[in-house]
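The notes below are meant to be read beside the coordinates. Please check each point against the structure.

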2 protein chains.
Amino acid sequence: MLNPAAATTLKESLAQIVGTSNLLTAASDMAGYCRDWRGRYHGKALAVVRPGNTDEVAAVVRTCAQAQVAIVPQGGNTSLCGGATPDGSGQQIILSLQRLRNIRGLDPQNLTLLAEAGCTLQAVQHAAAEAGLLFPLSLAAEGTCTIGGNLSTNAGGTAVLRYGNARSLCLGLEVVTPQGEIWSSLKGLRKDNTGYDLRNLFIGAEGTLGIITAAVLQLFPQPRAYGTALVGVPDLEAAVTLLHHTQRQCASTLTTFEFFSAHCLQLVRQQFPNCRSPLPETPAIQGYVLLEVSSPESAAHAQQLLEHTLLPALENGWGLDSAVATSEIQRQQFWALRENISEAQAKIGKNIKHDIALPISQLAPFVDRCNAALQADYPEIGLVIFGHLGDGNLHYNVSPSPTMDESMLLAAQATINRLVYDLVDEHQGSISAEHGLGQLKREEIKRYKSSIELTLQQAIKQGLDPLNLMNPGKVL
Amino acid sequence: MLNPAAATTLKESLAQIVGTSNLLTAASDMAGYCRDWRGRYHGKALAVVRPGNTDEVAAVVRTCAQAQVAIVPQGGNTSLCGGATPDGSGQQIILSLQRLRNIRGLDPQNLTLLAEAGCTLQAVQHAAAEAGLLFPLSLAAEGTCTIGGNLSTNAGGTAVLRYGNARSLCLGLEVVTPQGEIWSSLKGLRKDNTGYDLRNLFIGAEGTLGIITAAVLQLFPQPRAYGTALVGVPDLEAAVTLLHHTQRQCASTLTTFEFFSAHCLQLVRQQFPNCRSPLPETPAIQGYVLLEVSSPESAAHAQQLLEHTLLPALENGWGLDSAVATSEIQRQQFWALRENISEAQAKIGKNIKHDIALPISQLAPFVDRCNAALQADYPEIGLVIFGHLGDGNLHYNVSPSPTMDESMLLAAQATINRLVYDLVDEHQGSISAEHGLGQLKREEIKRYKSSIELTLQQAIKQGLDPLNLMNPGKVL
């Protein structure tokens with residue numbers, strides 16, 4: 001712990017690097033940086049530093065390393081796992097990347113864009129679109145979250161099935177190491193087999209191995225047309241069969257394959273009366289698939305792909321009913337049913353979220369078993385099940401029923417988590433598909449990783465950040 | 001160095017693990033394992049050990065670690081960079097993975113296959129095909145090379161544009177660590193954000209961080225039809241323009257986009273008189289593009305995609321002439337023009353290979369400058385330029401002209417490499433796109449990596465293999 005004199009010296013040094021206006025030390029100025037946006041984690045910081053470029057980031061890190069003061073890197077501060085919130089000691093520095101928001105360049109021939117870490121995801125999407133190109137990463141927080149945070153957590157979203165997650169979309173990084181040196185690998189190459197894969201090590205490390213300051217991102221031609229369908233399915237197993245059938249028919253033109261239970265749709269309709277389903281609800285329809293194809297050819301081709309997919313699906317009973325969007329407005333209406341689930345659930349009260357991944361073959365068996373186990377212990381529980389089925393990623397959320405007390409549910413949170421995660425583990429799954437570990441799942445993960453894996457992770461951390469100054473208390 | 005008694009003790013311990021018939025110690029038995037297949041590297045080994053399963057691999061590694069004897073892992077022994085050949089000390093153990101050749105399982109719903117490291121690439125392709133599925137990794141050595149070697153070198157090949165390299169096709173690994181422990185991560189998940197990306201660290205590490213013993217590989221539906229075209233282009237720049245145009249028209253149905261110079265075609269025709277080009281050769285045609293689309297729909301659709309691509313391309317002069325294969329036999333004939341280049345070149349004598357990658361926007365400027373620089377210094381030089389244009393990966397090979405002495409060329413090898421690689425570096429490229437570093441480029445790479453990158457790589461090696469027992473002398 002720094003004594004007051006050393007703390008003052010450190011702050012003076014930091015102010016010299018970033019300018020006094022970019023060093024925040026008053027509690028009121030720091031408040032927004034010290035809590036996560038869900039209001040779940042509240043920390044304290046010695047100061048918030050807002051460097052304006054990579055050299056300043058490096059100088060800040062060197063200064064902190066010399067003083068042996070820990071750094072919490074922060075982008076848009078939208079972590080769902082407390083990954084960007086400092087601890088309660090008041091001894092950590094928050095390093096905000098928000099002033100690094102230049103798009104340094106766009107290479108239309110190489111289909112790449114070079115963005116600084118503090119660019120919002122939306123700013124990157126817009127820069128690509130202005131050049132007539134597509135940056136396909138897309139997720140709910142895109143107006144606020146930053147590309148540095150997306151890469152540090154290997155963000156997912158709704159187009160992973162076709163374009164991959166943040167990791168797959170990144171061709172190169174610039175990183176400030178825990179020693180305050182700058183590693184630059186921004187060539188934008190699609191192939192480069194010259195040593196260990198440092199890029200993928202920093203991606204997903206949640207700022208515990210270094211600070212991502214810029215990235216080369218892969219762009220794609222914009223599709224000429226989308227074809228969007230909503231399919232009512234009898235159960236999750238039928239949805240999985242429909243997925244395979246659709247992949248066979250559409251291959252990589254299939255960009256989205258989202259699932260939500262019939263209960264999710266009811267919730268959305270109740271909470272958002274303007275949201276209407278194009279399909280009549282029947283007891284046989286237990287869930288829905290929102291599927292979308294992207295055609296490089298034409299709207300007619302997109303429609304034709306859907307027809308060739310849906311007709312045999314309905315004939316075989318993998319789908320019970322289907323509707324195809326015939327306009328962009330209708331497409332948005334279909335999407336709204338999926339996109340409003342989280343908010344609809346939030347409106348009826350607190351819930352317990354599980355962001356899990358499973359082998360696709362294990363999805364239906366897991367859900368059957370987990371539903372039964374939870375309902376046996378908590379008969380009044382509400383199960384809000386939806387997610388990126390094509391990636392094997394479910395948001396398996398638990399909410400109280402109208403007759404169940406919310407506090408009763410939250411009191412059971414640890415028990416419910418244990419039950420769900422143990423079954424996830426038994427079905428060869430992961431307890432964090434796309435949100436990372438942060439501080440939320442840092443302890444929990446130890447139950448599910450082998451000791452050899454934990455040892456390997458520690459060896460890497462020790463090798464790159466021996467003083468444990470980069471975002472300590474996260475991931476490991 | 002082991003004294004003779006210790007060496008005898010070690011061999012006895014190893015024989016106890018794998019059985020005497022799987023411990024080779026006679027020079028004649030070891031000869032084939034001690035040289036690379038191009039005959040470029042010749043080493044010596046204390047013994048060749050052929051474990052039969054992962055537990056035996058782990059026991060061998062523990063035994064060697066205890067004796068502080070280094071291990072050279074070897075798969076199909078097809079490295080182009082001496083990555084699997086021991087040094088000349090006779091003090092290293094070759095650990096052959098060839099007996100680990102089970103396909104442990106195939107999950108058709110999860111579209112994954114679990115293969116042991118010693119399976120040949122072809123065996124994996126066949127196992128997928130038998131289930132009506134596709135494992136798309138494909139390269140010249142596929143009958144001999146093993147999946148463990150493919151992953152350890154992050155192999156590329158002709159379908160990277162659509163399906164990615166070996167790294168992208170792997171969803172999980174089983175690895176024996178330098179300490180002889182088994183890290184197993186074979187769940188087959190498409191999303192898993194729970195800590196550092198160990199998988200991608202072991203992939204491409206060329207056996208210097210541990211030994212890959214099994215892998216979960218991603219499978220795909222088989223395309224219903226291919227559409228294959230050969231296009232004559234005026235120059236490399238036009239080929240790049242054609243690439244973008246084709247990506248816009250075909251998106252991810254484009255699976256192959258290969259380039260070769262007109263000189264390559266002449267070479268193939270001369271050395272393989274049965275190979276004929278479907279296009280009349282003209283002075284204006286300076287190169288060729290072999291492009292292939294894979295349609296999930298029908299042969300008619302594949303043909304239609306090609307038509308919509310080629311007509312505007314010819315109108316705009318990005319292509320000067322084109323031919324579309326109308327049968328599988330014709331398709332194979334087109335492919336033979338591309339696939340026989342390496343062998344045709346080998347037939348006319350020794351050559352200097354450069355497996356390089358560049359940003360796609362830098363391909364034409366690089367080739368223009370490098371050709372000019374080489375021809376200025378060596379007017380009689382032959383330039384054999386071909387490769388995976390869609391990935392920015394060229395095989396930029398230099399051969400003597402008929403009037404130039406082969407030994408003259410080889411005497412200039414170091415100078416030529418320096419000239420080519422310095423220009424690659426200046427154009428933001430990589431000196432190894434898909435072959436790795438092995439021992440061939442281990443020293444050369446130090447000229448082109450920053451000291452901070454070399455330090456990071458060493459820190460990882462030190463953290464995971466502090467005794468430097470895993471394939472020493474390779475990569476680093």
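1. Two strands are taken to pair if DSSP finds at least two bridges between them. By that criterion β12 (residues 225–233) of chain A pairs with β15(A): four bridges join them, in the antiparallel sense. Within this pair, L230(A) is set opposite A323(A) of β15(A).

2. The model is a predicted one. Its scores are ipTM 0.96 and pTM 0.97. For chain A the mean pLDDT is 96, with 100% of the residues at 70 or more.

3. Chain A is assigned three stretches: domain 1 (4–96), domain 2 (103–221) and domain 3 (225–427). Between domain 2 of chain A and domain 3 of chain A, the C-alpha centres are 29 Å apart. The contact between them involves seven residues of domain 2 of chain A and 11 residues of domain 3 of chain A.

4. An unreviewed UniProt entry carries the annotation "domain: FAD-binding PCMH-type" for residues 41–222 of chain A.

5. In what order do the five strands of the open sheet in chain A run? The order is β5-β6-β10-β8-β9 (chain A), and the pairing is antiparallel. β5 (103–107) and β9 (182–185) of chain A are the edge strands, each pairing on one side only. Ignoring direction, neighbouring strands of this sheet are turned against each other by 15 degrees on average.

6. At one end of that order, β5(A) is joined to β6 (residues 112–116) of chain A by four bridges, and the two run antiparallel. I103(A) is opposite A115(A) in β6(A). Helix α3 (residues 54–66) of chain A lies across β5, β8 (170–176), β9 and β10 (211–218) of chain A, and its direction is at about 45 degrees to that of β8(A).

7. The open sheet of seven strands in chain A has the order β15-β12-β14-β13-β17-β18-β16, again with antiparallel pairing. Its edges are β15 (321–324) and β16 (355–357) of chain A; each has a single partner strand, so one side of each lacks a neighbour in the sheet. From one strand to the next the twist averages 20 degrees. Helix α11 (residues 328–339) of chain A packs on this sheet, where it touches β12, β13 (254–261), β14 (287–295), β15, β17 (382–388) and β18 (393–399) of chain A. The direction of α11 makes about 45 degrees with that of β12(A).

8. Is β17(A) mostly covered or mostly uncovered? It is mostly covered, as seven of its seven residues are buried. On one side, β17(A) is joined to β13(A) by two bridges in the antiparallel sense, and F260(A) stands opposite F386(A) of β17(A). β17(A) also pairs with β18(A), antiparallel and over seven bridges. There G387(A) has L394(A) of β18(A) as its bridge partner. The hairpin of β17(A) and β18(A) has four residues between the strands, and G392(A) in this hairpin takes a positive phi near 75 degrees.

9. N77(A) has a positive phi near 55 degrees and belongs to the loop between β3 (71–74) and β4 (93–96) of chain A. Its relative accessible area is 12%, so N77(A) is buried. L111(B), not a glycine, has a positive phi of about 55 degrees; this residue is in the loop between β5 (103–107) and β6 (112–116) of chain B. L111(B) counts as buried because its relative accessibility is 8%, where the cut-off is under 20%.

10. Which residues does C250(A) touch, leaving aside those up to four places away in sequence? They are V293(A), L305(A), T309(A) and P296(B). C250(A) belongs to helix α8 (residues 236–250) of chain A. With a relative accessibility of 0%, C250(A) is classed as buried. From C250(A) to A433(A) the separation is 183 residues in sequence, and their C-alpha atoms are 25 Å apart in space.

Notes. Residues numbered from 1 in each chain as written. Chains lettered and ligands numbered in written order. Predicted model: local features only at pLDDT ≥ 70, side-chain atom pairs only at ≥ 80, totals over all residues. Heavy atoms only, no water. Axes fitted to C-alpha atoms, helices over the stretch in contact; angles between N-to-C directions. Contact = heavy atoms within 4.5 Å. UniProt positions renumbered as here; feature names shortened; annotations may be inferred. Buried < 20%, exposed > 50% of the residue type's maximum accessible area, 1.4 Å probe, protein only. pLDDT = per-residue confidence, 0-100. Domains from an automatic or database assignment.
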